[in-house]
Amino acid sequence: MIDPDDPQPDEGRSRPSSDTLSEQDFARLAVIIERHAGIRMPPSKRTMVEGRLRRRLRALGLPDMNAYCRHVLDEGGLDGEMVDLIDAVTTNKTDFFREIEHFRYLMGTAIPALSRLPHRPGQDRPLKIWSAACSTGAEPYTVAMLLLDRASAGTPIRHEIVGTDICTEALAAAKSGVYPLDMAKMVPAPFASRYLMRSRDDDNPTVRLVPPVRQSVRFGHLNVMDPVYPMPTDMDVVFFRNILIYFDKKTQQRVLEKLCGHLRPGGYLFVGHSETIANMDLPVKQVGSAIFVRS
């Protein structure tokens, strides 16, 4: 996920090497990252962060890790580097149809239940779905494929799908709609033939989503650590999966409270299968595995 480091010449401490992150500099970067992005950086992440930051050294024309850390931590470079720092240390592991049981529940249970609520989505108003940590877009695009498939079967539903993420590089990849062929391995064959276009480059095989899928999703930058989210407060579905594990309990509570504030009564919250929100004071009740409905 996230991991940083920077050296400090003026504190008189020894450095293991000019091209490695010292414990002290890593600790300082870890505080900055957690404060800005909410992501914990335990000491075990130091080597990974060090590796991720090497491309930033090249981009900035800096000779070694010590110079990078001086630039960011001591010479006023943090403001200009913050976005790239977070991009560098953020992990964007995602696949289409990941944790497929959630998508089955969405289509088979959640949407029919939502259609029975007042101001029914898809009829009186669009069905509003928010992928709140969308990474490179596989999650919201999976939803788009499912809704387009429903429409092709004769039951269209008006919808608005929004994907947001803190990582600008991930969002750029999402907007392009182009992915390594490997990422599409979980896409069912009928969906792959209908919604994916394979490249002719055998050395670097990729797939691109067809225009109707790409046009179904809107992407934007959003940091869930911000005090206010510029999103509607009547979302029907919020996906926030496999992100809570990077936050401490207080941050989890604070972020989930805000996300629930953007869900309409009867709306659905999906978190990752490995995550729990048990014992949290939230206006939701559990209705499935890592699935909750807003009261």
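Strand β3 is joined to strand β5 (residues 206–209) by three bridges, and the two run antiparallel. Helices (H or I, at least four residues) and strands (E, at least two) are DSSP runs here, numbered from the N terminus, and two strands pair if DSSP finds at least two bridges between them.

A word on the model is in order. It is a predicted one, in which local features need pLDDT of at least 70 and side-chain atom pairs count only at pLDDT 80 or more, while totals for chains, interfaces and linings use all residues. Residues are numbered from 1 along each chain as its sequence is written, and side-chain values use heavy atoms, with hydrogens and water left out.

Turning to the helices, two packed helices are described by the angle between their axes and the distance between the axes. The axes of α3 (residues 65–74) and α4 (residues 78–89) come within 8 Å and cross at roughly 120°; axes are lines fitted to C-alpha atoms, for helices over the stretch in contact, and angles run from 0 to 180 degrees between N-to-C directions. On the α3 side, Tyr-68, His-71 and Val-72 meet Leu-78, Glu-81 and Leu-85 of α4, where contact means heavy atoms within 4.5 Å. By class, this contact of α3 with α4 has four nonpolar, one polar and one charged residues (Ala, Val, Leu, Ile, Met, Phe, Trp, Tyr, Cys and Pro count as nonpolar, Asp, Glu, Lys and Arg as charged, and the others, Gly among them, as polar). Buried residues of α4 include Glu-81, Met-82, Leu-85 and Ile-86; buried means under 20% relative accessible area, exposed over 50%, and partly exposed in between (1.4 Å probe, protein chains only). The cover over the buried residues of α4 includes α1 (23–37), α2 (46–60), α3 and α7 (168–176).

Rings of Phe, Tyr and Trp (its six-membered ring) pair if their centres lie within 6.5 Å; planes under 30 degrees apart count as stacked, over 60 as edge-to-face and the rest as tilted. By this rule the count comes to twelve aromatic pairs. Tyr-105 and Phe-270 have ring centres 6.4 Å apart and planes at 75°, so the pair is edge-to-face. Because Tyr-105 lies in helix α5 (residues 100–114) and Phe-270 in strand β8 (residues 263–271), the pair ties together parts that are 165 residues apart in sequence. Tyr-105 is buried at a relative accessible area of 18%, and Phe-270 is buried at 0%. Phe-270 also meets Phe-239: their ring centres are 4.7 Å apart and their planes at 20°, so this pair is stacked. Phe-239 sits in strand β7 (residues 235–240) and Phe-270 in β8, so the pair ties together parts that are 31 residues apart in sequence. Phe-239 is buried, as is Phe-270. Tyr-105, Phe-239 and Phe-270 are among the members of one aromatic cluster, which also includes Phe-97, Phe-103, Phe-191, Tyr-195 and Tyr-268.

Charged side chains make links of their own. A salt bridge is a side-chain nitrogen of Lys or Arg within 4 Å of a carboxyl oxygen of Asp or Glu, and the whole structure has 14 of them. In one, the closest N and O atoms of Arg-125 and Asp-234 are 3.5 Å apart. Arg-125 lies in the loop between α5 and β1 (127–131) and Asp-234 in the loop between β6 (217–221) and β7, so the pair ties together parts that are 109 residues apart in sequence. Arg-125 is buried at 12%, whereas Asp-234 is partly exposed at 25%. Both belong to a network of salt bridges that links Arg-125, Lys-128, Asp-234, Asp-236 and Arg-264.

Glu-139 and Arg-241 form another salt bridge, with the closest N and O atoms 2.7 Å apart. Glu-139 is in helix α6 (residues 138–152) and Arg-241 in the loop between β7 and α10 (249–260), distant parts of the chain that lie 102 residues apart. Glu-139 is buried at 10% relative accessibility, and Arg-241 is buried at 8%.
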